[in-house]
Amino acid sequence: MRRIPNPELDFLVLNHLAEKYQLNQMRQAGEFHLSTGVYCLTKAFFDAKAPVLPTETEIMLFAVGLGLQDILTPSSASTPVFEKDGVIYRPDFVLMLGDEEYHELKTTRMSLKTLLENLPETWVEYIAGGCYMRDVLTYNLSTLLLMGSYAPPFPKIYSETLEFVPDELQANWDRILRRKVVYDAAMLNDKCPAPFKYCKDWECKNCRYKLQCDVVVKLETRKQAEEDVKTLWPEE
């Protein structure tokens, strides 16, 4: 038997996944989604103004999560859309299980030990935002753990109900609205939010816009240096 690498097939599969899960489609310019208020504002700006194709890593990560969600989501589930203060929220799905309303299904490569110690900050911000928009204090979350070194075998599912207090939800919502002000101003002025400022550190690792952000920072640094020189030695 011979094993021959076939990068052309890789390309076809990646294109299929990108098309199936609409990973190449732009959101309508100007829309501010709950996820926009949680994740990188600079990326959201470039997605709307100057989009580029997702990287192979991004396609695979999204495809795994969305593919499993498709398989595990019951046909009776609904996908409503909520809007509040100009923010749009589309939960993964809403499903009634007895008297309980089920909301979110996530996949992760973290271990159960890590998950139990601390939920990802972006998950909490997004879920808290959804609770605020729906005027509820609890949220049902199921996490499908794909791998890890704690409490095997894998895959493994872990479900929990998250309970918030009103002050937590209000503080989180205020933060989201402050970020909306930044995003709206950027869209209006056609100038991206400051790179590496409105994001989590890990978001830059596989981001398709990392090069653009680096260029923006260099240009801004050069511009500031030129202005400093003019201040120190003004032209006569």
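**Sheet, cores and ring pairs in a predicted model**

The charged end of Lys 180 sits over the ring of Phe 32, 5.9 Å from its centre. Such a placement requires NZ of Lys or CZ of Arg within 6 Å of the ring centre and within 35 degrees of the ring normal. Lys 106 likewise lies over the face of Trp 123, at 5.2 Å from the ring centre. The model is predicted: local features need pLDDT of at least 70, side-chain atom pairs count only at pLDDT 80 or more, and totals for chains, interfaces and linings use all residues. Residues are numbered from 1 along each chain as its sequence is written, and side-chain values use heavy atoms, with hydrogens and water left out.

The protein chain contains eight helices and seven strands. These are DSSP runs, numbered from the N terminus (helices: H or I, at least four residues; strands: E, at least two). Of the 236 residues in the protein chain, 37% are buried. Buried means under 20% relative accessible area, exposed over 50%, and partly exposed in between (1.4 Å probe, protein chains only).

Three strands form an open sheet of mixed pairing, in the order 5-6-7. Strand 5 (104-108) and strand 7 (156-163) stand at the edges with a single partner strand each, so one side of each has no neighbour in the sheet. Neighbouring strands are turned by 25° against each other on average, direction ignored. Pairing requires at least two DSSP bridges between two strands. Strands 5 and 6 run parallel and are joined by five bridges. Leu 105 has Ser 142 in strand 6 as its bridge partner. Strand 5 is mostly covered, with four of its five residues buried. Strand 6 (residues 138-145) and strand 7 run antiparallel, joined by eight bridges. Here Asn 140 has Thr 161 in strand 7 as its bridge partner. Helix 6 packs on the sheet and touches strand 5, strand 6 and strand 7. The direction of helix 6 makes about 145° with that of strand 6. Axes are lines fitted to C-alpha atoms, for helices over the stretch in contact, and angles run from 0 to 180 degrees between N-to-C directions.

Gly 129 is buried, with a relative accessible area of 0%. Not counting residues up to four places away in sequence, Gly 129 touches Leu 34, Asn 172, Trp 173 and Ile 176. The C-alpha atoms of Gly 129 and Val 38 are separated by 8.9 Å, at 91 residues apart along the chain. Thr 122 is also found in helix 6. Thr 122 is buried, with a relative accessible area of 4%. Its contacts, leaving aside neighbours within four places in sequence, are with Val 38, Tyr 39, Lys 200 and Trp 202.

In soluble globular proteins, nonpolar side chains tend to be buried together. A nonpolar core is a set of buried Ala, Val, Leu, Ile, Met, Phe, Trp, Tyr and Cys residues joined through side-chain atoms within 4.5 Å. The largest such core has 36 residues. Leu 34, Leu 115, Ile 127, Phe 164 and Tyr 183 have the most contacts inside it. Elements giving two or more residues to this core include helix 3 (41-49), helix 5 (112-117) and helix 7 (166-189). Leu 115 is in contact with Met 110, Trp 123, Thr 143, Leu 145 and Tyr 158, leaving aside its neighbours within four places in sequence.

Rings of Phe, Tyr and Trp (its six-membered ring) pair if their centres lie within 6.5 Å; planes under 30 degrees apart count as stacked, over 60 as edge-to-face and the rest as tilted. By this rule the count is seven aromatic pairs. Tyr 39 and Trp 202 have ring centres 6.4 Å apart and planes at 80°, so the pair is edge-to-face. The pair links distant parts of the chain, 163 residues apart. Tyr 39 lies in the loop between helix 2 and helix 3, and Trp 202 in the loop between helix 7 and helix 8 (210-232). Tyr 39 is partly exposed at 26% relative accessible area, whereas Trp 202 is exposed at 52%. Ring pairs also link Phe 45, Phe 46 and Tyr 209 into a cluster.

Conventions: Contact = heavy atoms within 4.5 Å.
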